[in-house]
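Dear colleague,

I am passing on the structure that we talked about, and below it you will find some notes on what came out of it. Please keep the view open while you read.

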Amino acid sequence: MKLHAALRLVAGVMLLLSLALTYWVSPNWIFFSAFIGLNLLQSAFTCWCPMITILKKLGFEE
């Protein structure tokens, strides 16, 4: 799997997980969803995403 496909996979899984936790556990988990969205926004403007750094260290290639 390529780096950017893995990044989209991680973002999608984290978002769906946070929405499930919001629905079934506590409404406060919505802040985790907001954090994911804000991280995606900042990465669009700064061209830096912490998850890409992690995925590169795990061996994913571009």
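Leaving aside its neighbours within four places in sequence, which residues is Ser 43 in contact with? Ser 43 is in contact with Trp 48 and Cys 49, where contact means heavy atoms within 4.5 Å.

Before going further, please note that this is a predicted model, in which local features need pLDDT of at least 70 and side-chain atom pairs count only at pLDDT 80 or more, while totals for chains, interfaces and linings use all residues. Residues are numbered from 1 along each chain as its sequence is written, and side-chain values use heavy atoms, with hydrogens and water left out.

Ser 43 has its place in helix 2, and helices here are DSSP runs of H or I with at least four residues, numbered from the N terminus. Ser 43 counts as buried because its relative accessibility is 17%, and buried means under 20% relative accessible area, exposed over 50% and partly exposed in between, with a 1.4 Å probe and protein chains only. A polar atom of the Ser 43 side chain lies 2.8 Å from the backbone oxygen of Leu 40.

In helix 1 you will find Thr 22, which is also buried, with a relative accessible area of 18%. A polar atom of its side chain lies 3.1 Å from the backbone nitrogen of Ile 30. Apart from neighbours within four places in sequence, Thr 22 is in contact with Pro 27, Trp 29 and Ile 30.

Ile 30 also belongs to a nonpolar patch on the surface, together with Leu 15, Leu 16, Leu 19 and Phe 31, and these residues have about 490 Å² of accessible area together. The elements that give two or more residues to this patch are helix 1 (3-24) and helix 2 (30-46), and helix 1 gives the most, with three residues. Leu 19, found in helix 1, is partly exposed, with a relative accessible area of 40%.

Finally, the largest nonpolar core has six residues, namely Leu 3, Ala 6, Leu 7, Cys 49, Ile 52 and Leu 55. Helix 1 and helix 3 (50-57) are the elements that give two or more residues to this core, and the largest share, three residues, comes from helix 1. A nonpolar core is a set of buried Ala, Val, Leu, Ile, Met, Phe, Trp, Tyr and Cys residues joined through side-chain atoms within 4.5 Å.

With best wishes

Terms used: Patches are made of residues with over 30% relative accessible area and no salt bridge: like charges are joined within 9 Å, nonpolar side chains (Val, Leu, Ile, Met, Phe, Trp, Tyr) within 5 Å. Accessible areas come from the Shrake-Rupley method with a 1.4 Å probe; for residues, only the protein chains shown count as cover. A salt bridge is a side-chain nitrogen of Lys or Arg within 4 Å of a carboxyl oxygen of Asp or Glu. A polar contact is a pair of N or O atoms within 3.5 Å; within protein, one must be able to donate a hydrogen and the other to accept it, and residues adjacent in sequence count only if both atoms are side-chain atoms.
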